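Biologist: Before I look at the model, could you show me how to read its features one at a time, with the general idea before each case?

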Amino acid sequence: MIRFYDNPADMLEEHKAVLDAFPLRNGFFYLDAPAMGKTDKRNYAAAVTEGSRTLVCLNPVPYNMMLLGSKEL
């Protein structure tokens with residue numbers, strides 16, 4: 001299932017377990033998501049979930065898109 005979030009902080013809260021599994025890689029998620037505020041067509045937060053596997057995505061324009069997935073990927 002693909003889910004887009006109106007508020008990036010909601011994505012962080014919902015997928016905290018996935019993000020916290022990679023403490024050295026999740027810093028930009030925790031820094032950029034609150035700074036984004038609301039999302040739109042260019043700035044978005046999304047998550048793809050299939051069973052126990054999750055891929056989270058944050059696209060804070062003008063910066064690069066960030067992807068981070070659960071260890072099962």
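What follows is a dialogue about the helices, the core, the surface and the backbone of this structure.

Modeller: This is a predicted model, in which local features need pLDDT of at least 70 and side-chain atom pairs count only at pLDDT 80 or more, while totals for chains, interfaces and linings use all residues. Residues are numbered from 1 along each chain as its sequence is written, and side-chain values use heavy atoms, with hydrogens and water left out.

Biologist: Which residues of helix α3 are buried?

Modeller: An α-helix has 3.6 residues a turn, so residues three or four places apart point the same way. Helices here are DSSP runs of H or I with at least four residues, strands are runs of E with at least two, and both are numbered from the N terminus. Buried means under 20% relative accessible area, exposed means over 50%, and partly exposed lies in between, with a 1.4 Å probe and protein chains only. In α3, which covers residues 27–36, the buried residues are F29, D32, A33 and M36. They lie on the same side of α3 because they cover an arc of only 105° around the axis, the arc being that of the directions from the helix axis to the C-beta atoms. On the other side of α3, L31, P34 and A35 are exposed.

Biologist: What do the buried residues of α3 pack against?

Modeller: With contact taken as heavy atoms within 4.5 Å, the buried residues of α3 pack against the helices α1 (8–14) and α2 (16–20) and against the strands β2 (44–50), β3 (53–59) and β4 (66–69).

Biologist: How many residues does the largest nonpolar core have, and which have the most contacts inside it?

Modeller: In soluble globular proteins, nonpolar side chains tend to be buried together. A nonpolar core is a set of buried Ala, Val, Leu, Ile, Met, Phe, Trp, Tyr and Cys residues joined through side-chain atoms within 4.5 Å. The largest one in this model has 14 residues, and those with the most contacts inside it are M11, L12, L19, F29, V56, L58 and L68. At least two residues of this core come from each of α1, α3, β2, β3 and β4, and the largest share, three residues, is supplied by α3.

Biologist: What do V56 and L68 touch?

Modeller: Leaving aside neighbours within four places in sequence, the contacts of V56 include M11, H15, L19, F29 and L68. L68 lies in strand β4 and counts as buried at 7% relative accessibility. Not counting residues up to four places away in sequence, L68 touches, among others, V18, L19, F22, F29 and V56. The C-alpha atoms of L68 and C57 are separated by 6.7 Å, although the two residues are 11 residues apart along the chain.

Biologist: Which residues form a nonpolar patch on the surface?

Modeller: Patches are made of residues with over 30% relative accessible area and no salt bridge, where like charges are joined within 9 Å and nonpolar side chains (Val, Leu, Ile, Met, Phe, Trp, Tyr) within 5 Å. Accessible areas come from the Shrake-Rupley method with a 1.4 Å probe, and for residues only the protein chains shown count as cover. Here I2, F4, V48, L55, M65, L67 and L73 form such a patch, with about 700 Å² of accessible area together. F4 is in strand β1 (residues 2–5) and is exposed, with a relative accessible area of 58%.

Biologist: How many salt bridges does a search of the whole structure find?

Modeller: A salt bridge is a side-chain nitrogen of Lys or Arg within 4 Å of a carboxyl oxygen of Asp or Glu, and the search finds three. One of them joins R3 and E14, whose closest N and O atoms are 2.5 Å apart; because R3 lies in strand β1 and E14 in helix α1, the pair ties together parts that are 11 residues apart in sequence. R3 is partly exposed at 34% relative accessible area, and E14 is partly exposed at 45%. K16 and D20 also meet in a salt bridge (2.8 Å, N to O), and both lie in helix α2, four residues apart, about one turn of the helix. R53 forms a salt bridge with E50, with the closest N and O atoms 2.2 Å apart.

Biologist: Where is the peptide bond cis, and which residue just after α3 takes a positive phi?

Modeller: Most residues other than glycine have a negative phi, and most peptide bonds are trans. The bond from V61 to P62 is cis, with omega near 15°, and P62 is in the loop between β3 and β4. Just after α3, G37 takes a positive phi of about 70°.
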